[in-house]
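Keep the sequence and the 3D view open as you read.

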Amino acid sequence: MPELPEVEVVRRGLADHVVGRRIVEVSVTGLRTARRQPGGATEIEDRLRGRTVTGARRRGKYLWLTLDAGDAAGADCLLVHLGMSGQMLVTGAGAPPVRHLHARAILDDDTELRFVDQRTFGGWTVVPLTEARDGTGVLLPAPAAHIAADPFEDGFDLIATARRIRSRDTEVKRLLLDQTVVAGIGNIYADESLWRAGVHGRRRAGALTLRTVTEILGHARDVMADALAAGGTSFDALYVNVNGASGYFDRSLDVYGRAGEPCGRCGTPVVREDFMNRGSHFCPSCQPAPRRSVRRPTGPRAR
Ligand SMILES: [Zn+2]
C-alpha cells in the first residue's frame, strides 16, 4: 500500500508531466475504478474532457489534480485513490494497452495518462474542492475534508498536534494512524518513528510527555523525508511511480518487517505483534511494552 513518500513521488511526477496539459479525450473502462462517482464512468469522462490540469496536490496519502478553475471552493478536481496497487503512468499516446488498465486520458502533447490498478481498490472521482475542516483554509477534495494536515505542510502545527494526541486516552500508535489527528503516517512510518523515539506503540498517549510526543512526530517527518529522498518505501512490488520506474526500497527501515533481526541500537531481536489488524514491530528492550493490565476505571486524568 503506498505511503506518503510514494504518493509524493507520484505527485511530483504528475506535476512534471501532466500539469499544464489539456485533456483531449478520456475513457474510464474499469467498473470499479468509477464506483465512487454517482454518475459512473460517463460522468467522470464528461467532467474531465476538455479540461486543463492546473496543479498536482497532496495531503497525507490523498492525491488530486486541480482543473481549469484552479484552487477555488466548488471547483472540480480529479481525486485519485491509489488504493493498494494503483499506478498513474504517463506514456506516449497510442502506446500498447497493458494489463489492468482501467482509465486513460489523452493529453494535448500526445502523451497519455493511464490509471493501472491490479487489485482494483483504487479509482478516480471528480469532486468539488471544499475548505478543510481543520480551519486552515486549505482547499481539499470534498471526500477528504476531514483529513488533518500532514507533517510536510507549511500549516502543520507540531505542538498543537502533539497536544491533541496527548489529550486522547488511547494508544499512541492508534492516534498516529488516525488521519483526522495527523495525516500521512501509515503503519510503516508509525513503527519507525516509535522505534526512533524509544516508545512502545501501546503506551497511552496521555501518559507521555509533550516533549516525547513532539519527538515522535518529528521522527515521523524525518523518516518519511529520508524515504522520499531515496524514492519512496514500499513492500509492494506493484508500486511504480508516474513513469513506471520502481520506487521500491527498504534499506532505511530499522524495525518494520524485521521481526527476529537484531535491533540496530541494542541487538535485542525485533518483535512483531498484532495491532489494529496489522503488525507492530518494535524492540522489546528499547521500547518496553506497557503492562497488559485490566483497564483503569475511567475518571479525571492528570494532564
Ligand atoms: Zn533495541
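## The zinc site

This is a predicted model. Start with the zinc ion. Its coordinating atoms are the SG atoms of Cys263, Cys266, Cys283 and Cys286, at 2.2 to 2.4 Å. Along the chain, these donors follow the spacing C-x2-C-x16-C-x2-C. Cys263 and Cys286 link distant parts of the chain, 23 residues apart. Cys263 sits in the loop between α6 (210–229) and β10 (271–275). Cys286 lies in the segment after β11 (278–282).

What arrangement do the four donor atoms make around the zinc ion? They subtend angles of 99 to 115°, so the arrangement is tetrahedral. The ideal angle for four tetrahedral donors is 109.5 degrees. Is Cys263 buried or exposed? Its relative accessible area is 4%, so Cys263 counts as buried; the cut-off for buried is under 20%.

## The open sheet

Now turn to the strands. Five of them form an open sheet, in the order β2-β3-β4-β8-β9. The pairing is antiparallel. Which strands stand at the edges? They are β2 (53–59) and β9 (139–141). Each has a single partner strand, so one side of each is left without a neighbour in the sheet. From one strand to the next, the twist averages 30°.

Strands of a sheet pair through backbone hydrogen bonds. Look at β2 and β3 (residues 62–67) as an example. Six bridges join these two antiparallel strands. In one of the bridges, Val53 is partnered by Leu67 of β3.

## Helices on the sheet

Two helices come next. Helix α1 (residues 4–17) packs on the sheet and touches β2 and β3. The direction of α1 makes about 170° with that of β2.

Helix α2 (residues 40–48) also packs on the sheet. Its contacts are with β3, β4 (76–81) and β8 (123–131). The direction of α2 makes about 60° with that of β8.

## A buried valine

Find Val18 in the loop between α1 and β1 (23–28). Its relative accessibility is 0%, so Val18 counts as buried. Which residues does Val18 touch, leaving out those up to four places away in sequence? They are Gly13, Val53, Leu65, Val90, Leu107 and Leu113.

Definitions and conventions
Residues are numbered from 1 along each chain as its sequence is written. This is a predicted model: local features need pLDDT of at least 70, side-chain atom pairs count only at pLDDT 80 or more; totals for chains, interfaces and linings use all residues. Side-chain values use heavy atoms; hydrogens and water are left out. Two strands pair if DSSP finds at least two bridges between them. Helices (H or I, at least four residues) and strands (E, at least two) are DSSP runs, numbered from the N terminus. Axes are lines fitted to C-alpha atoms, for helices over the stretch in contact, and angles run from 0 to 180 degrees between N-to-C directions. Contact means heavy atoms within 4.5 Å. Donors are N, O and S atoms within 2.8 Å of the metal (3.2 Å for Na, K and Ca); water is not among the atoms, so sites may look incomplete. Four donors count as tetrahedral if all angles lie between 85 and 135 degrees; four count as square planar and six as octahedral if opposite donors are over 155 degrees apart and all others between 65 and 115; anything else is irregular. Buried means under 20% relative accessible area, exposed over 50%, partly exposed in between (1.4 Å probe, protein chains only).
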